[in-house]
Amino acid sequence: MSLINMLSSPEWLVEENDFDVELQNTFETLFTVGNGYLGTRATLEESNKGEFAATYISGIFDNHDSTVIDLVNAPDWLPVSIWVDGIKLNIQSCRVLSHRRVLDMKTGALYRFTRFKDSLDRITSYESVRFASIQQSHLCAMRIAVTPENYDATLVVESSIDGGNYNLDRIPNYAETKKFHPETKWNKWAKSKHLRFVSNESSDKNCYLEMETIDTKHRVGYAATLRAQNCDVNKTQRRDYEKVTQIVEFKAKKEHTYIIDKLVSIFTSRDVASDIINDACMETLNKALHDGFDRCFNDHINEWNSRWNACDCQISGDKEAMHALRFNIYHLLISANPNDPKVNIGAKTLSGEGYKGHVFWDTEIFMLPFFIYTQPETAKSLLLYRYHTLEGARKNATLNGYSGAQYPWESADTGLETTPKWTADGVNRIWTGEEELHITADVAYGILTYLSATGDMNFILNYGAEMLFETARFWISRIELNTDKDRYELNNVIGPDEFHEHVNNNVYTNVMVRWNLQNSALLLETIKQHYSEEYAHLAKKLCLSDEEVTHWVNVAAKIYIPFDTESGLIEQFEDYFQCKEVPIVEWDKNDMPCYPAGYDHFNAGETTLLKQPDVVMLMYVLPDEYDDEIKRRNYEFYEKRTLHKSSLSPCMHAIMGIEVEDTHKAEQYFLRSALVDLVDNQGNTEWGIHAASTGGTWMTAVFGFGGFRVRQQKMSFKPWLPSTWNELTFKLRWHGDCLDVSITQSEIRLLLHSQKSHPEEINITGEKQVLQRNERQVFCLNSSMN
Ligand code: BGC
């Protein structure tokens, strides 16, 4: 009867083998279950002091009581407590004989096996499995198997839906950094209440709770039911203010295992009209009850199988790397909702409160590629979010005195800028919302990357082009003409490296703006030539004229790009080379660089130290912009100065390390990226999964080791595998087709599944090749890889 038999093979499992209160919030993040519609942190069913219980529903934001808009900590569907003759089974009050939790990445389910010994020496084996159905995203389910090992007693199982969760807002401000006990560490935070009670119901069949976000007025309804499988139970209910509880009681016999299933359905007024949320919940719940836990779980597993089938990456010869890579893919898969084009992926996915659920350039630059090349429908949905927030982006531009659309550095539900102005302790000013402008070009970049991989002109004509043209307009109004030097400049900005604020002419920003202007003009020309009706419509809607577009091109040609011709170094921004040189001399236990003595995030800007790549980032994003020698010199120069204080950093160094043949470091960077959360090498996994790094890890496997890039609109491969890797395999979607890629130390095998007939031109290690369709082809990799 044990749930243990349900686990997949070991390479799919991530394990916790003991309960450590210091690590509980980290595991809550790592073991998040979700389906893109919602994510639930892995708190214990019976709850625990110091836990951070949370379910986040994508798109449910609220401003009430908080400094900036929050992704709301929605009602908790997990609570289940077991009482043995009045004693609660709980990690803090019972002796724990053993405790193990296992995230099964293959099936998107979290398992738990705990043996409790209470003060009367009664031993209870407690097992559970939970999942958020990826096949029916409004359904969550849990099965509990409880076995009294050495006693007979009355067992009481209490199961609740609890709407009393808060979000965290500001931390108290103490002169010195204070470390709180793990059981009380959240207590002193200012908390934001976002939900108010609407209604609750309960009967012996099910219970229902409905809450509403206070400012944004989203209704959120949960229906739940508890079903005991193999025993006669007595059922009661309790209705507290923001909590509804179902209780089952039964006589339990020694060595018998009792199975109890909890099924929960969730709808919001973003999904259906407010007055039918209850009906929608009941309908889904009744269907699940009718199907039963096993069938719901099987449907969920089948859908997981097909998701993995589309995107699994396999590394033969390095189990640790493959395991870590899968962990990152798992989190990407539970973060995106292909069915809701009005939501996106927050920087911490749906697994934690970091960055308040806000969306950054992390999506377009670090996560979108994974979706573009494995699930283009999901990529489209993520880009449609930018279309649905275009009005907000236009407002940002207007509010700041500019034209067009200025995408917000931090985005929530409307596209208005939502970056906080102060750090959570209220001490330091945050300037990114005002100055980190490159996001607008990054969005444009995401749109055209999607187009080049899918050829989806419908998307461009209906949505993408409008976004692109409005971003171009923004840049034209933001850029300044320096008449003395006869050049265009972008002053007072922050580039990707956030240590340096208020800088002039950040190269990443300026080159991306140039690219944005040039490519908007080119796209417009294509539309004009080939889609005259759509062109006429767009030109009218946006009041576009030929003169305006010519101006984009003229401005682009005169944008200032700091570059030292003698050394071949691209100067990150004007006068960067004048900053103080402070060497990095220390690395921590996770092999991550430490701040040199006397420096931190807020004064590192005086030095040449970087938080994360900036020039190196640019060389990755626009690979044809610089030649190999320039790339090598700049990588060497900036790599030494990069502290990787952002989790976005290691993956870029891995990819570019491979490109410039610094392969030893590239391998090291790959692991730093793949293990960001598994070993918590940024020290803040408790705040949520580092979403960009999950995408960056996939990118390192495919773009770095796999050497895949799109150059001049064609697929190209220049692989390099570490000497211990025998084979790397992955799949890519390309213009509606699917390409199987398998790379060994000496060859690359490709199979393009396709309905079309003409061969595809590709490039392998710098040479043009012709790829036939539906035929496995093997290409020798001419030089030895190592
Ligand atoms: C990084 C940004 C990133 C943000 C959200 C910051 O620490 O510097 O580049 O977008 O985190 O992940």
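Predicted model: local features only at pLDDT ≥ 70, side-chain atom pairs only at ≥ 80, totals over all residues.
1. A residue is called buried here when its relative accessible area is under 20%. By the cut-off, Phe-370 and Trp-698 are both buried.

2. These two rings also pair with each other. Their centres are 5.5 Å apart and their planes stand at 80°, so the contact between Phe-370 and Trp-698 is edge-to-face. Phe-370 belongs to helix H4 (residues 362-374) and Trp-698 to helix H18 (residues 691-705), so the pair ties together parts that are 328 residues apart in sequence.

3. Which residues share an aromatic cluster with Phe-370 and Trp-698? The cluster holds these two together with Phe-371, Tyr-373, Tyr-620, Phe-703, Phe-708 and Phe-717.

4. Aromatic pairs, counted as rings with centres within 6.5 Å, come to 45. One of them is formed by Phe-131 and Phe-297, which are stacked, with 4.7 Å from centre to centre and 25° between the planes. Phe-131 is in strand E10 (residues 123-132), whereas Phe-297 is in helix H2 (residues 277-311), so this contact ties together parts 166 residues apart in sequence. Both Phe-131 and Phe-297 are buried.

5. Charged side chains over rings deserve a separate entry. Arg-326 lies over the face of Trp-12, at 3.6 Å from the ring centre. Lys-193 lies over the face of Tyr-166, and here the distance to the ring centre is 5.6 Å.

Definitions and conventions:
Residues numbered from 1 in each chain as written. Heavy atoms only, no water. Phe/Tyr/Trp six-rings, centres within 6.5 Å; stacked < 30°, edge-to-face > 60°. Helix = DSSP H or I, 4+ residues; strand = E, 2+ residues; numbered from the N terminus. Buried < 20%, exposed > 50% of the residue type's maximum accessible area, 1.4 Å probe, protein only. Lys NZ or Arg CZ within 6 Å of the ring centre and 35° of its normal.
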